[in-house]
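Subject: Structure handover

Hello,

Here is the structure I promised to pass on. Please open it alongside this note; my findings follow below.

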Amino acid sequence: MFYRFRSHAVIHVVALSLMLCASLLTHAQAGDIADDAIKLFERGQDAHARKDYQTALKLYEDALKLRPDFPEAEYQRGAALISLNRAAEALKAFRRAAELRPNWALPPLMLGSLLLNVDQSTEAEQLLRRAVELGAKTSLAFYTAAASLHANPQASRESLAVMLKLLREATAETGATAKLWMARGWMEASLGDKKAALASFQQSFKLDDQSFEALIARAQLRADAGDFDGALTDAQAARRIAPNDAGVSLQAIHLYLQAGRKEEARRAWDALDAGTKQRPEAIALHSSLSSCEETPENRAALEKSLAETPRDASLLACLGASYRRADPARSLEFYRRAAEIEPTNVDLAVGYTAALVQARRFAEATVIARRVLAVAPEKYEAHANLATALYELKRFAEALEEFRWLADAKPELAVTYFFIATAHDSLGEYPQALAAYEDFLSRAKAEANKLEIDKVNLRLPSLRNQVKRGEGTKQKKGT
């Protein structure tokens, strides 16, 4: 699934109010509003810009007491309420602002965006269309409203489809901006149409070659398709354009992790400033950078980070690894969730397969392992998982093929030859089993392979007698 970082443009709806703070005062001055109300409004905007939302809210409300028909103050009051997680009150404030200035695009735009986020799509579409008619379609405001919806992991497909429909209409017109194409790409990616999203992001970048947002979005799509070299090239280009943007740096670290390049991810992490490292998404990334050691303390820390970013696939995989032996069922669930978020990530699929094997769900493990090998035929871990699952299912002939591949890939691992021998033995192929057991003993280490050596030494006398009697010269039928 398309990764959603709540950074730069992809943030809460309140970003819209911050970008418009400077312009709103001009509207307020245009009306015949009392000087004292304007002064309170200005002070509220200053507090708002400092993210002191409680103070800003009080100042806006004080301004409205002096002048109840002050649409800009009502609008900004709604924005402050959003930041304070008081969405129901915010909706009332935006409705009041729309009543006070019917031909102003921003209140219906904000109302529509908020209603989409709570799945009231019918009224939301009407409001967004009204906002478009009033001139919102080419403004930064429409782009930010779409960004807010994209950043909402609970947004319904219906809500996303409504916004996409409006954006496609807007981008079909002459003069569509890079930001409109960017917003369209977000909606397409959120709905799973990655081919269309890639085209939209490329169009956005074509119109604005300094758009680091388009580069980062394209990078994630490339990573999802397994093109990690292309993804990291885009991420590095985005960092050159916006070297001080925390979201770009964090997304680059996420991509390094997705590509399995932990050392580069750690170097990028070390270069972050202290403030960026305290962001919720940064804390989750740091957990993914740390070891997935199987201790209660480490699992508790990882789960705390997961509560902040529940769709972090790397973090879920780390928890899966940490729980693999302690609680195979939980391990399996974490890996399953990770694989669903990034279905094209081979490493996550391998981890999921290993968890299935650990949980003794061998039939399912063979299905996933074969899918992995269809796209990554040289993936050693996938062959190992498949060999183990087939062996446990007593499908020894198929397992032998996998164990032979493993032996060719890593001939120094003696235990592989033990499984080759026991598979032949189980198939009644005694001469081949005897040769494989002897091959195993020639490679085995007395300490590391003690258990297998003991088993072989117990089996060899009777096996040699069977070979002398000519038994097992042909494979058993029906096995």
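Helix axes here are lines fitted to C-alpha atoms over the stretch in contact, and the angles between their N-to-C directions run from 0 to 180 degrees. Please keep in mind that this is a predicted model.

The overall picture

The protein has 479 residues, and 53% of them are buried. Its secondary structure comes to 27 helices and 0 strands. Take the contacts between residues at least 6 apart in sequence: 57% of these join residues at least 24 apart.

Helices α10 and α11

Start with α10, residues 178-190, and α11, residues 194-207. They pack at an angle of about 165°, and their axes are 8 Å apart. Angles over 145 degrees count as roughly antiparallel, so α10 is roughly antiparallel to α11. The crossing is left-handed.

Which residues meet here? From α10 come Ala 178, Trp 181, Met 182, Arg 184, Gly 185, Trp 186, Glu 188 and Ala 189. From α11 come Ala 196, Ala 197, Ser 200, Phe 201, Gln 203, Ser 204 and Leu 207. The residues of this contact of α10 with α11 divide into 9 nonpolar, 4 polar and 2 charged.

Helices α14 and α15

Next, look at α14 (residues 246-258) and α15 (residues 262-270). Their packing angle is about 165°, with the axes 8 Å apart. That makes α14 roughly antiparallel to α15. The crossing of α14 and α15 is left-handed.

On the α14 side, the contact is made by Ile 253, Tyr 256 and Leu 257. On the α15 side, Lys 262, Glu 264, Ala 265, Ala 268 and Trp 269 take part. In the contact of α14 with α15, 6 residues are nonpolar, none are polar and 2 are charged.

Helices α2 and α4

Now go to α2 (residues 35-49) and α4 (residues 71-83). Their axes come within 11 Å and cross at roughly 25°. Angles under 35 degrees count as roughly parallel, so α2 is roughly parallel to α4. The crossing of α2 and α4 is left-handed.

Phe 41, Gln 45 and His 48 of α2 make this contact with Glu 72, Ala 73, Gln 76, Ala 79 and Ala 80 of α4. The residues of the contact of α2 with α4 divide into 4 nonpolar, 3 polar and 1 charged.

Two loop residues

Asn 449 lies in the loop between α26 (430-443) and α27 (450-468). Is Asn 449 buried or exposed? Its relative accessible area is 9%. Buried means under 20%, so Asn 449 is buried. The side chain of Asn 449 reaches the backbone nitrogen of Lys 445 at 2.9 Å. Leaving aside neighbours within four places in sequence, Asn 449 is in contact with Ala 414, Val 415, Phe 440 and Ala 444.

Arg 395 is in the loop between α23 (380-392) and α24 (396-409). Arg 395 is partly exposed, with a relative accessible area of 31%. Neighbours within four places in sequence aside, Arg 395 is in contact with Thr 366, Arg 370 and Leu 390. Arg 395 and Ser 426 are 31 residues apart along the chain, and their C-alpha atoms are separated by 9.8 Å.

Best wishes

Note on methods:
Residues numbered from 1 in each chain as written. Predicted model: local features only at pLDDT ≥ 70, side-chain atom pairs only at ≥ 80, totals over all residues. Heavy atoms only, no water. Helix = DSSP H or I, 4+ residues; strand = E, 2+ residues; numbered from the N terminus. Parallel < 35°, antiparallel > 145°, perpendicular 65-115°, else oblique. Left-handed = near helix turned anticlockwise from the far one by under 90°. Contact = heavy atoms within 4.5 Å. Nonpolar A, V, L, I, M, F, W, Y, C, P; charged D, E, K, R; others polar. Buried < 20%, exposed > 50% of the residue type's maximum accessible area, 1.4 Å probe, protein only. Polar contact = N/O pair within 3.5 Å; in protein donor to acceptor, adjacent residues only side chain to side chain.
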